[in-house]
Amino acid sequence: LNDSLSLATGWESEDIEDVRSERYTVLLARRQQFTSGWVRTQSVRWLEERVTAGLDTGDSRLILPGLAFSRTRSRGGVDPYRGDHQSYSVEGSARDALSDVDVARVRLSNTWLRSPGESHRFQLRADLGAIATNDFGRTPTSLRFFAGGDQSVRGFAYRSLGPSDASGEVAGGRYLATGSAEYSHAIAGKWRVATFVDGGNAFDSIDQVDAEVGAGFGIRWSSPVGPLRLDLAWGVSRDDVPFRVHISVGPPF
């Protein structure tokens, strides 16, 4: 199928770090895949979310039209040795169109994988995001940006990074900028060792970026469902140097 229409609804309850939310969604989306490999998704989403993020507490109802483009190219099956993934999306709401708050949200991400020779593998990743709104306090946490975790800045807990409010709790940011560089080397059969550096954060102002840096090493095993990754990571940008163990499985994109 190269052209499909889907209707989905869901309920989600979330309690992560300092953020607690309950949300209801209804999504209507059209997905089109072109011969160039690009996928275009046009959607409209109804979202109702009750949230407590630090000192922010509220209830918002939004109607969010959205447009997204993505493309994945890879060689090597479930454990690719070469490829790239690009994803670009924008969605927004307006008080004049039956929403409680004006919001425009943009997200851009790119992952790049190359293997010069059979033993060496390099992977680069970048993730950028921005929100424009007239009332950030009523912006749902599912639209805000957080950093940290095995797909963000390793060495820090999942969604533990971002601007803090007056109580010291992470409440999510208007902007996101994270990146990663990883090198892995084949050692025997389906096993590889890896080393990496991740950096970035979520923040409220472009001129007040407080980047965190995580670094470490790990092992990779090419399983039948994709590479199994075990990483030991340290948050080297902090004086207390937090330590995390990250486990993930599946293709890099």
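1. Ring pairs join Phe 217, Trp 234 and Phe 243 into a cluster. Here rings of Phe, Tyr and Trp (its six-membered ring) pair if their centres lie within 6.5 Å, and planes under 30 degrees apart count as stacked, over 60 as edge-to-face and the rest as tilted. Across the whole structure, the search finds six aromatic pairs. One of them, formed by Trp 234 and Phe 243, is tilted, at 5.0 Å centre to centre with 45° between the planes. Trp 234 is partly exposed at 29% relative accessibility, and Phe 243 is partly exposed at 42%; buried means under 20% relative accessible area, exposed over 50%, and partly exposed in between (1.4 Å probe, protein chains only).

2. On the basis of the model: it is predicted, so that local features need pLDDT of at least 70 and side-chain atom pairs count only at pLDDT 80 or more, while totals for chains, interfaces and linings use all residues. Residues are numbered from 1 along each chain as its sequence is written, and side-chain values use heavy atoms, with hydrogens and water left out.

3. Asp 231 belongs to strand β11 (residues 226–234); strands (E, at least two residues) and helices (H or I, at least four) are DSSP runs numbered from the N terminus. Asp 231 is buried, with 3% relative accessibility. Its side chain makes polar contacts with the side chains of Arg 154 at 3.0 Å and Arg 220 at 2.7 Å. A polar contact is a pair of N or O atoms within 3.5 Å; within protein, one must be able to donate a hydrogen and the other to accept it, and residues adjacent in sequence count only if both atoms are side-chain atoms.

4. Beyond residues up to four places away in sequence, Asp 231 touches Arg 154, Phe 196, Phe 217, Gly 218, Arg 220, Arg 244, Val 245 and His 246, where contact means heavy atoms within 4.5 Å. Asp 231 and Val 26 are 205 residues apart in sequence and 37 Å apart in space, C-alpha to C-alpha.

5. The whole structure contains 23 salt bridges, each being a side-chain nitrogen of Lys or Arg within 4 Å of a carboxyl oxygen of Asp or Glu. Glu 14 and Arg 159 form one of these, with the closest N and O atoms 3.3 Å apart. This pair connects distant parts of the chain, 145 residues apart: Glu 14 is in strand β1 (residues 3–16), and Arg 159 is in the loop between β7 (120–133) and β8 (175–188). Glu 14 is buried at 13% relative accessibility, and Arg 159 is buried at 13%. A network of salt bridges links Glu 12, Glu 14, Arg 23, Glu 49 and Arg 159.

6. Asp 100 and Arg 138 meet through their side chains at 3.6 Å, N to O. That pair also links distant parts of the chain, 38 residues apart, with Asp 100 in the loop between β5 (82–93) and β6 (103–114) and Arg 138 in the loop between β7 and β8. Asp 100 is partly exposed at 29%, as is Arg 138 at 34%. Asp 102 bridges to Arg 95, the closest N and O atoms being 3.3 Å apart; Asp 102 is partly exposed at 25%, and Arg 95 is partly exposed at 49%.

7. Arg 144 lies in the loop between β7 and β8 and is buried, with a relative accessible area of 4%. Its charged end sits over the ring of Phe 136, 4.6 Å from the ring centre; the criterion is NZ of Lys or CZ of Arg within 6 Å of the ring centre and within 35 degrees of the ring normal. A polar atom of the Arg 144 side chain also lies 3.1 Å from the backbone oxygen of Phe 136, and the side chain reaches the backbone oxygen of Gly 137 at 3.3 Å. The charged end of Arg 159 sits over the ring of Phe 146, 4.2 Å from its centre.

8. The largest nonpolar core has 14 residues, and those with the most contacts inside it are Leu 62, Leu 64, Val 103, Leu 143, Phe 145, Leu 161 and Leu 176. Such a core is a set of buried Ala, Val, Leu, Ile, Met, Phe, Trp, Tyr and Cys residues joined through side-chain atoms within 4.5 Å. A second, separate core of six residues includes Val 19, Phe 146, Val 170 and Ala 171.
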